[in-house]
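Visitor: Could you walk me through this model and tell me what stands behind the labels? I'd like the cut-offs along with the conclusions.

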Amino acid sequence: EAKSIESLEDSYADAILDSARPVWYRSSCPDDNQEWGWYGFVAEEIAEIDPRLVSWSEKEEYNDEDGLPKLRDVETPEPEGVMYERFVPMLVNLVKRQKAAIETLETKVAALEAAN
């Protein structure tokens, strides 16, 4: 059961709309096909808008004295990836506001057309 439920403020959607920069990129992961590209956002840029919209690295890979790969905790987590599913609730508020604005404009246009 969810607790401490709060309605999202419009400012969250506004920040995404105003500041998020859509990009096309190739992955730096060696396991990914370097011929492919993806559409998305830069995690570091999205973290500046709202840190809750990204996943954070808590571990880093390093090679031990024998050259074997190991993981260790990082002191300062870095943005690792964008959590796109978290955009949806924020953007629903934006769509609702746009719908209301469009309906208001349609009403005004209809009234102006009827007056002519």
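**Labels and cut-offs**

Guide: Let's start with I49, which sits in helix α2, residues 43-49. A helix here is a DSSP run of H or I with at least four residues, a strand is a run of E with at least two, and both are numbered from the N terminus. The model is predicted, so local features need pLDDT of at least 70 and side-chain atom pairs pLDDT 80 or more, while totals for chains, interfaces and linings use all residues. Residues count from 1 along each chain as its sequence is written, and side-chain values use heavy atoms, without hydrogens and water.

Visitor: What makes I49 buried, partly exposed or exposed?

Guide: Buried means under 20% relative accessible area, exposed means over 50%, and partly exposed is in between (1.4 Å probe, protein chains only). I49 has 22%, so it goes down as partly exposed.

Visitor: Which residues is I49 in contact with, beyond its neighbours in sequence?

Guide: Contact means heavy atoms within 4.5 Å. With neighbours within four places in sequence set aside, I49 touches A15, I16, S19 and A20. For I16, 33 residues away along the chain, the C-alpha separation from I49 is 6.9 Å.

Visitor: What makes the phi of S4 worth a look?

Guide: Most residues other than glycine have a negative phi. S4 isn't glycine, yet its phi is positive, near 55°. S4 comes in the segment before α1 (10-19) and counts as exposed, at 69% relative accessible area.

Visitor: Why is the chain called more spread out than a compact globule?

Guide: The chain has 3 helices and 4 strands, in the order α-β-β-α-β-β-α from the N terminus. Its radius of gyration is 22 Å, well over the 13 Å from the globule rule for 116 residues, so it is more spread out than a compact globule. That radius is taken over C-alpha atoms, and the rule is 2.2 Å times the number of residues to the power 0.38. Along the principal axes, the C-alpha atoms fill a box of roughly 85 × 45 × 25 Å. Buried residues account for 20% of the 116.

Visitor: What share of the contacts between residues at least 6 apart in sequence join residues at least 24 apart?

Guide: That share is 48% in the protein chain.
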